[in-house]
Amino acid sequence: VAVSSAGVFNAVIMRLSEATEGIFVMDEDGNPVGKSVSAGRLALAQVAATRVAISSVCLLLPNVTLHYLQRAAFMRRNPRWRIPVELSVIAAYLWLALPAAVGMFPQYASVPVSWLEPQFQNLRGKKGDPIRTVFYNKGI
């Protein structure tokens, strides 16, 4: 809990301006249509969830795996292999968890304009059709 909390706290402090001033949102052609605080908060929530996922996987799963590996006959017969095996298991979970957690949410995400501020509700595209979805860069 402490590591996850620290990761969330770090993300919020480092990117607080995104939640207070907003981030640029774009139409489907990549043209900026404005800055949205709601999209900034959504992006920040996704980054915070990613931080929790990274720390949860890296702190919980290696312990469970190592618990069962220590019971294995190989580990009891070869105590010298304990440290290399433990480090390998931890490294493997770090190697797998980081890309998986970062990939939980796409870097370029979409959000319906109905979720955003009123200024985005009646936007029109180049052809005059209503813009129903905008896109933003969540970041990492």
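Modeller: One term first: contact here means heavy atoms within 4.5 Å. Note also that this is a predicted model.

Biologist: Which residues does Ala53 touch, not counting residues up to four places away in sequence?
Modeller: Ala53 is found in helix α3, residues 37-70. With residues up to four places away in sequence set aside, what Ala53 touches is Ala101 and Met104.

Biologist: How far apart in space are Ala53 and Lys35, C-alpha to C-alpha?
Modeller: Along the sequence, Ala53 and Lys35 are 18 residues apart. In space, their C-alpha to C-alpha distance is 28 Å.

Biologist: How far apart are the end C-alpha atoms of α3, and what should its residues span?
Modeller: Helix α3 has 34 residues, counted at 1.5 Å a residue. The expected span is 1.5 Å times one less than the number of residues. For α3 that should give 50 Å, which agrees with the separation of its end C-alpha atoms, 50 Å.

Biologist: Which residue caps the N-terminal end of α3?
Modeller: The backbone nitrogen to look at belongs to Ser38. A polar atom of a neighbouring side chain lies 3.3 Å from that nitrogen. This atom is a side-chain oxygen, and the capping residue is Ser36.

Biologist: Is Ser36 buried or exposed?
Modeller: Ser36 has its place in strand β2, residues 32-36. Beyond its neighbours within four places in sequence, Ser36 is in contact with Gly22, Ile23, Val25, Leu116, Glu117 and Phe120. Buried means under 20% relative accessible area. Because its relative accessibility is 0%, Ser36 counts as buried.

Biologist: Which residues form the nonpolar patch on the surface?
Modeller: The largest share of the patch, three residues, comes from α3. Together the patch residues have about 350 Å² of accessible area. They are Val3, Leu59, Leu60 and Leu61.

Biologist: How does Leu59 count by relative accessibility?
Modeller: Leu59 has its place in helix α3. The class between buried, under 20%, and exposed, over 50%, is partly exposed. At 43% relative accessibility, Leu59 therefore counts as partly exposed.

Biologist: How many salt bridges does the structure hold?
Modeller: One of them joins the side chains of Arg15 and Glu18, at 3.0 Å from N to O. Another joins the side chains of Arg82 and Glu86, at 3.1 Å from N to O. The number of salt bridges in the structure is two.

Biologist: Are Arg15 and Glu18 buried or exposed?
Modeller: The cut-off for buried is under 20% relative accessible area. Arg15 has 13%, so Arg15 is buried. Glu18 has 19%, so Glu18 too is buried.

Biologist: By about how much of a helix are Arg82 and Glu86 separated?
Modeller: Both residues are in helix α5, residues 82-102. An α-helix has 3.6 residues a turn, so residues three or four places apart point the same way. Because Arg82 and Glu86 are four residues apart, their separation is about one helical turn.

Biologist: How do Arg82 and Glu86 count by relative accessibility?
Modeller: At 42% relative accessibility, Arg82 counts as partly exposed. Glu86 has 18% and so counts as buried.

Biologist: Is Leu87 buried or exposed?
Modeller: Leu87 lies in helix α5. Its C-alpha atom is separated by 17 Å from that of Arg76, 11 residues apart along the chain. Exposed means over 50% relative accessible area. With 55% relative accessibility, Leu87 therefore counts as exposed.

Biologist: How far apart in space are Tyr108 and Lys138, C-alpha to C-alpha?
Modeller: Tyr108 lies in strand β3, residues 108-112. At 56% relative accessibility, Tyr108 counts as exposed. Its contacts, leaving aside neighbours within four places in sequence, are Tyr136 and Asn137. Tyr108 and Lys138 are 30 residues apart in sequence, and their distance in space is 5.9 Å.

Biologist: Which residues is Ala11 in contact with, leaving aside its neighbours within four places in sequence?
Modeller: Ala11 has its place in helix α1, residues 2-14. Its relative accessible area is 1%, so Ala11 is buried. With those neighbours left aside, Ala11 is in contact with Leu44, Val47 and Arg51.

Notes
Residues are numbered from 1 along each chain as its sequence is written. This is a predicted model: local features need pLDDT of at least 70, side-chain atom pairs count only at pLDDT 80 or more; totals for chains, interfaces and linings use all residues. Side-chain values use heavy atoms; hydrogens and water are left out. Helices (H or I, at least four residues) and strands (E, at least two) are DSSP runs, numbered from the N terminus. Patches are made of residues with over 30% relative accessible area and no salt bridge: like charges are joined within 9 Å, nonpolar side chains (Val, Leu, Ile, Met, Phe, Trp, Tyr) within 5 Å. Accessible areas come from the Shrake-Rupley method with a 1.4 Å probe; for residues, only the protein chains shown count as cover. A salt bridge is a side-chain nitrogen of Lys or Arg within 4 Å of a carboxyl oxygen of Asp or Glu. Buried means under 20% relative accessible area, exposed over 50%, partly exposed in between (1.4 Å probe, protein chains only). A polar contact is a pair of N or O atoms within 3.5 Å; within protein, one must be able to donate a hydrogen and the other to accept it, and residues adjacent in sequence count only if both atoms are side-chain atoms.
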